Amino acid sequence: MSSQAFTDGDALVQALGDVNVSPLWAQMARLNPAAPNPTTRPFIWRYEQIRPYLLSAGQLIKEEQAERRVLMLVNPERTAPYTTDTLYAGLQLVMPYETAPAHRHSAFAVRFIIEGRGGFTAVQGQRVAMNPRDVIITPTWNWHDHGKKGANEEGGDDEPIIWLDGLDLPEFVHFPVHFNEHYSESRYPAKDVQDSPIVFPWAEMQRRLDEQKGAWVTAPYLKKDGSELSLTIGVLAERLEATSQSQEVRETASSVYHVIEGSGSTIINGKKTEWKQGDTFCIPAWSQYQHSAESDRVYLYRFDDKPMLKALGMYRVEA
């Protein structure tokens, strides 16, 4: 077969679309970058600013209108579901006497309870209480629903419950293999349990952090067998003593942080972001960052994509 006759390289490139091919040499730098190039940027969502909107949604968006009443923490550089390039975060609210109906999905979910009493979630037939600062996971393809007890129910009141959702939804944009199914009733049959492998009480995590020596310490949330909570998302907590700093880190993992207690700041790629209790901020992949506490002890909650990157051989860290 003889070659086609073209006047120059540009004419060749323009003609390649006729046979549905593209020249790699014209896009080598974009497709084979010298360093990680996340499309999201560091950003902070301030709880005191967002909370009034979330409460308004609780009043105006009724249970039957929204399968999940969530304000998504969408990175300013992207659209939903991107908080970072690989992680999704959202603030979810359930009002007293409500049920967020039962469904199941391929995505893994981890939930940090921010405020409220009398909330519960039922996962695959086990109903557990949602207590402030606890972490609760929803494994992939497990039936689950959420609810909130009212003032005339034991353990309930007239206030909503609010938590931070963390899911691996962006992965299902890259890998379009997500499934979602709704249960035939609003609640999946479940019984109350006091001890469950999906619940990680804050009291236990705080004890682990406080027993460690050092001004800055971390502790991972792990299953009883020592494995990560999921194949895609890892979860940990950190403690910084007053006026102390964390190690300066740069890693290929991206992360979402929530301030459990205290106030301070994080320098990300040379830019300082101040935060306080309730705030949530994200750190994209290969960003250099360091946390600092102010005058009081600080506790931070974090979820990241480290397990997935390690499994793929893509995790790298400089510290």
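Predicted model: local features only at pLDDT ≥ 70, side-chain atom pairs only at ≥ 80, totals over all residues.
Visitor: Where is D168?

Guide: D168 sits in the loop between strand 10 (161-167) and helix 4 (171-174). Helices (H or I, at least four residues) and strands (E, at least two) are DSSP runs, numbered from the N terminus.

Visitor: How do you know that D168 has no salt bridge?

Guide: A salt bridge needs a side-chain nitrogen of Lys or Arg within 4 Å of a carboxyl oxygen of Asp or Glu. Lys and Arg count as positive, Asp and Glu as negative; His and the chain ends are not counted. For D168, the nearest side chain of opposite charge is R111, 10 Å away. So D168 has no salt bridge.

Visitor: What makes the link between D168 and T232 a polar contact?

Guide: A polar contact is a pair of N or O atoms within 3.5 Å; within protein, one must be able to donate a hydrogen and the other to accept it, and residues adjacent in sequence count only if both atoms are side-chain atoms. The side chains of D168 and T232 are joined at 2.7 Å.

Visitor: Which residues are in contact with D168, leaving aside its neighbours within four places in sequence?

Guide: They are T86, A107, F108, T232 and I233. Contact means heavy atoms within 4.5 Å.

Visitor: Why are strand 5 and strand 10 called a pair?

Guide: Two strands pair if DSSP finds at least two bridges between them. Strand 5 (residues 109-115) and strand 10 have 6 bridges, so they pair, in the antiparallel sense. R111 has D165 of strand 10 as its bridge partner.

Visitor: What makes strand 2 and strand 13 edge strands?

Guide: Their open sheet has 6 strands in the order 2-3-10-5-8-13, with antiparallel pairing. Strand 2 (70-72) and strand 13 (199-200) each pair on one side only. Strand 8 and strand 13 share 2 bridges, so they meet the rule for pairing. I136 has V199 of strand 13 as its bridge partner.

Visitor: Which way do the residues of strand 8 point?

Guide: From strand 8 (residues 135-138), V135 and I137 point one way, I136 and T138 the other. All are buried. In a regular strand the side chains alternate between the two faces of the sheet.

Visitor: Why is strand 9 called largely enclosed?

Guide: 5 of the 5 residues of strand 9 are buried, so the rest of the structure largely encloses it. Strand 9 (residues 144-148) pairs with strand 4 (residues 99-105) over 3 bridges, antiparallel. Another 5 bridges join strand 9 to strand 6 (residues 119-123). G119 stands opposite K148.

Definitions and conventions
Residues numbered from 1 in each chain as written. Heavy atoms only, no water. Buried < 20%, exposed > 50% of the residue type's maximum accessible area, 1.4 Å probe, protein only.
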